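Subject: Handover of a structure

Dear colleague,

Please find the sequence and structure below. I would be grateful if you could read the notes with the structure open beside them.

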Amino acid sequence: MLFAKKDIFISQKIDQGGVFKEISQILFEEGLVKKEFLENLLLREKNFPTGIDLSVVDVEFPNVAIPHTEGEFVNVRRVIPIKLLKPIRFFNMIQPEQELKVSFMFMILNNDPEGQANVLAQIMQFLTSTPKRKLKEFFEMKKTDEIYKFLNNNFEQ
């Protein structure tokens, strides 16, 4: 299972570093990531931005980010959904000079280097193939149990 009910978050942080630090600390305490995870997550995001402009799918959708780092810094294979109550600045994965305001993150934890692209592809499949009305409802959810239930019912694993 790519999702765990206890590892779905809603964050009020106002910047990337704040969210990364908040979530990384919890994941470290749970034993899901290694001590160096946060440092490497920040560095990788700086060098290889993960923001995705979803306006190409639907102009009403918020932008998302899919932050991750190398498998040597994580202990499991999991996706950590994070709803951001305040949009946060990320740079675009496709056009790294373009700034995006992101409202939802799918943080990838993957200790299998071969599987990184596969999990990213699954997330992109979810974002582009879920019916637009349903995906719009998903992005408006503000409770972790609702988000978990939706992902369990609509995310192909």
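The notes that follow cover the sheet, the aromatic rings and the pocket.

The model is predicted, so that local features need pLDDT of at least 70 and side-chain atom pairs count only at pLDDT 80 or more, while totals for chains, interfaces and linings use all residues. Residues are numbered from 1 along each chain as its sequence is written, and side-chain values use heavy atoms, with hydrogens and water left out.

The sheet

Strands of a sheet pair through backbone hydrogen bonds, either parallel or antiparallel. Here five strands form an open sheet with mixed pairing, in the order β1-β4-β5-β3-β2. Strands (E, at least two residues) and helices (H or I, at least four) are DSSP runs, numbered from the N terminus; two strands pair if DSSP finds at least two bridges between them. Because β1 (9-11) and β2 (51-52) stand at the edges with a single partner strand each, one side of each has no neighbour in the sheet. Three bridges join β1 and β4 in the parallel sense, and F9 has I82 in β4 as its bridge partner.

The aromatic rings

Rings of Phe, Tyr and Trp (its six-membered ring) pair if their centres lie within 6.5 Å; planes under 30 degrees apart count as stacked, over 60 as edge-to-face and the rest as tilted. By this rule there are 13 aromatic pairs. The pair of F126 and F138 is edge-to-face, because the ring centres are 5.5 Å apart and the planes stand at 85°. This pair links helix α3 (residues 116-129), which holds F126, to helix α4 (residues 132-140), which holds F138, 12 residues apart. F126 also forms an edge-to-face pair with F150, at 6.2 Å centre to centre and 75° between the planes. Since F150 lies in helix α5 (residues 144-154) and F126 in helix α3, the pair ties together parts 24 residues apart in sequence. Both F126 and F138 are buried (under 20% relative accessible area, with a 1.4 Å probe and protein chains only), and F150 is buried as well.

The largest pocket

A pocket is an open set of points on a 1 Å grid where a 1.4 Å probe fits, with protein on both sides within 12 Å along at least five of seven lines; lining residues have an atom within 4 Å of a point. The largest pocket holds about 190 Å³ of space. Its lining includes I14, D15, L42 and R89, and α2 (37-47) and β4 (77-91) each supply at least two lining residues.

Yours sincerely

Conventions
Points joined across faces, edges and corners; volume = space filled by probe spheres on them. Buried < 20%, exposed > 50% of the residue type's maximum accessible area, 1.4 Å probe, protein only.
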